[in-house]
Amino acid sequence: MKIVNHVMKKQIFRAMIIGGFVGLLGVAIFLGALQASTQLPLKKNGSEVANNQSQSETIPTAGETSNTSNASMFFASQAGVYSNYESASSFVAEYPALKESAIVQVDGKFYVWTSMVTEESQLEFLQEPATFKKAFSVSGESCKEPTLAEIPAALADKNATKLNFKEKGKDSTLPEDWQSIGAAASTISNDLNIIRLHVFSHYQSKNTCLQVKF
């Protein structure tokens, strides 16, 4: 009887040990699974935050443009903007005051400008039709031909030394037809700001590397 009791005590003790071990193992597994489940969303959320921060850093700010670090700033007196050249031409034909204007195409739209100046204070506005200020920049950084790349700076020269088309001298830094185009523009008007506009309009229409940004 004592032997049976002794054996039963051993079995009970062993069962308690095994039960305790299994219980601890179960708790450990549960805690491990719980920790893994909480870390996974945290890592995922952290990755999304990092991606959002990275994306926000690459979003350009208002007014920021690429390849315009050396762009020249100008102001135009604008009479209107149209989706096609024919409509812009018809509009110009309606008003005698627009006889010296130019139609400039930018990004598929056709702008009717009456003058192009380097200082906002130089702008002159018409009453009929009414005109308003249009600020823009011109960059020649995409031009492979150095003489074309020089055009924005030549037009922006506040002393207008390169816009003196009365002289017959040739400037090797500018296109070969610079003087002849300028002379032709001078027959339209004696106003330097109108001459500048027509010279710009000519080269910009034939050279897509001269980029205009509003």
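The lining of the second largest pocket divides into six nonpolar, five polar and three charged residues; Ala, Val, Leu, Ile, Met, Phe, Trp, Tyr, Cys and Pro count as nonpolar, Asp, Glu, Lys and Arg as charged, and the others, Gly among them, as polar. The model is predicted, and local features need pLDDT of at least 70, side-chain atom pairs count only at pLDDT 80 or more, and totals for chains, interfaces and linings use all residues. Residues are numbered from 1 along each chain as its sequence is written, and side-chain values use heavy atoms, with hydrogens and water left out.

The space in the second largest pocket is about 200 Å³. A pocket is defined on a 1 Å grid over the protein atoms alone as an open set of points where a 1.4 Å probe fits, with protein on both sides within 12 Å along at least five of seven lines; lining residues have an atom within 4 Å of a point. Grid points are joined across faces, edges and corners, and a volume is the space filled by probe spheres set on the points. Of the 14 residues lining the second largest pocket, Thr114, Ser115, Glu124, Asp191 and Ile194 are the closest to its centre. Strand β3 and helix α6 each supply at least two residues of this lining, and the largest share, three residues, comes from β3. Helices (H or I, at least four residues) and strands (E, at least two) are DSSP runs, numbered from the N terminus.

The largest pocket holds about 280 Å³ of space. Its lining has 17 residues, of which Gln105, Val106, Asp107, Gln204 and Leu210 are the closest to the centre. Two or more lining residues come from each of β2, α6 (192-206) and β5 (211-213), with the largest share, four residues, from β2. Seven of the lining residues are nonpolar, eight polar and two charged.

Strand β2 (residues 102-106) is largely enclosed by the rest of the structure, because four of its five residues are buried, that is, under 20% relative accessible area with a 1.4 Å probe, protein chains only. Strands β2 and β3 (residues 109-117) run antiparallel and are joined by five bridges; two strands pair if DSSP finds at least two bridges between them. Ile103 has Val112 of β3 as its bridge partner. The two strands form a hairpin with two residues between them, and Asp107 in the turn has a positive phi of about 55°.

Overall, the protein chain contains six helices and five strands. Of its 214 residues, 32% are buried.

Note on methods
Buried < 20%, exposed > 50% of the residue type's maximum accessible area, 1.4 Å probe, protein only.
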